[in-house]
Amino acid sequence: MSFCSKFKDSFFLIFLLIIASRITSCSSNEEKKSQVSIDGAAVGFPISLAVAEEYGKVKPEAKVSVASSGTGGGFSKFCNGDIDIAGASRTIRDEEIKKCKSKNIEFVELPIALDGIAVIANRQNNFAKCLTIKELGKIWGGKSDGKVLRWNQVNPKFPNQKLKLYAPSSDTGTFDYMTQAVTGKAKSVLLKPKKLKIISVDASVKETLQ
């Protein structure tokens with residue numbers, strides 16, 4: 001499946017780093033000085049692992065932990081002071097910046113890669129070869145929840161077949177970006193469970209293709 005028009009904005013993978021990182025601090029606690037924690041976006045998880053591995057070669061005494069709780073989860077932990085580095089697939093929001101400031105947490109935002117979102121149709125679907133942003137809006141938009149449930153409602157040229165939608169959690173940057181790119185508004189209207197099945201990114205691809 002391909003898009004008939006392109007998204008206007010790039011899909012960034014971003015690292016947020018606490019300026020006074022524990023690994024370079026002057027703390028007298030040697031154990032804390034050698035610990036670095038990374039958490040956040042699933043799409044950047046392999047990059048975080050690779051960075052941790054390479055950093056370990058430079059600083060073998062370092063203990064780097066890498067986790068993946070999603071962009072929103074990573075920002076929440078970061079702004080709470082629980083982790084040193086947050087991986088994200090979107091920029092940090094104003095409310096998240098305010099939360100960091102309330103904890104006296106300063107940071108630098110470092111774009112590390114460009115990523116893309118794939119909209120995948122089941123292999124048995126032989127008609128949805130190209131979807132416009134408008135058609136994606138009919139599928140993805142919250143206002144169509146409970147109303148647009150069949151393919152011919154998306155495009156009258158499509159057959160009258162049931163439409164099933166799979167996606168990662170609404171706490172992920174991938175979900176946030178897709179919503180904004182398709183509807184024009186960040187978190188405009190969240191889809192309800194009766195229309196959208198929330199599963200992991202890998203599971204989304206696997207179950208869609210089966």
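I will start with V154. Neighbours within four places in sequence aside, V154 is in contact with E135, K138, I139, V148 and L163, where contact means heavy atoms within 4.5 Å.

Before going on, a word on the source. This is a predicted model, in which local features need pLDDT of at least 70 and side-chain atom pairs count only at pLDDT 80 or more, while totals for chains, interfaces and linings use all residues. Residues are numbered from 1 along each chain as its sequence is written, and side-chain values use heavy atoms, with hydrogens and water left out.

Now the overall picture. The protein has eight helices and nine strands; helices (H or I, at least four residues) and strands (E, at least two) are DSSP runs, numbered from the N terminus. Of its 210 residues, 38% count as buried. Buried means under 20% relative accessible area, exposed over 50%, and partly exposed in between, with a 1.4 Å probe and protein chains only. Among contacts with a separation of 6 or more, 71% are between residues 24 or more positions apart.

Back to the region of V154. Which residues touch the most other members of the largest nonpolar core? They are I139, W140, W151, V154 and F158, in a core of 19 residues. The elements giving two or more residues to this core are α5 (133-140), α6 (151-154), β8 (165-167) and α7 (173-183). A nonpolar core here is a set of buried Ala, Val, Leu, Ile, Met, Phe, Trp, Tyr and Cys residues joined through side-chain atoms within 4.5 Å. In soluble globular proteins, nonpolar side chains tend to be buried together.

V148, one of the contacts of V154, lies in the loop between α5 and α6. V148 counts as buried, because its relative accessibility is 12%. V148 and L163 are 15 residues apart along the chain, and their C-alpha atoms are separated by 8.2 Å.

In α5 itself, I133, E135, L136, I139 and W140 are buried. Seen down the axis of α5, these buried residues fall within an arc of 155°, so they line one face of the helix. The arc is that of the directions from the helix axis to the C-beta atoms.

Next, the helix pair. The axes of α3 and α4 (residues 94-102) come within 8 Å and cross at roughly 25°, which makes α3 roughly parallel to α4. Axes are lines fitted to C-alpha atoms, for helices over the stretch in contact, and angles run from 0 to 180 degrees between N-to-C directions. Angles under 35 degrees count as roughly parallel, over 145 as roughly antiparallel, 65 to 115 as roughly perpendicular, and the rest as oblique. From α3, F75, S76, F78 and C79 meet E96, K99 and C100 in α4.

Is C79 buried or exposed? C79 is buried, with a relative accessible area of 1%, and lies in α3 (residues 71-79). Leaving out neighbours within four places in sequence, C79 is in contact with I92, E96, K99, C100, K103 and I105. C79 and I105 are 26 residues apart in sequence, yet 6.9 Å apart in space, C-alpha to C-alpha.

N104 is exposed, with a relative accessible area of 71%. Phi of N104 is near 60°, a positive value in a residue other than glycine. Most residues other than glycine have a negative phi.
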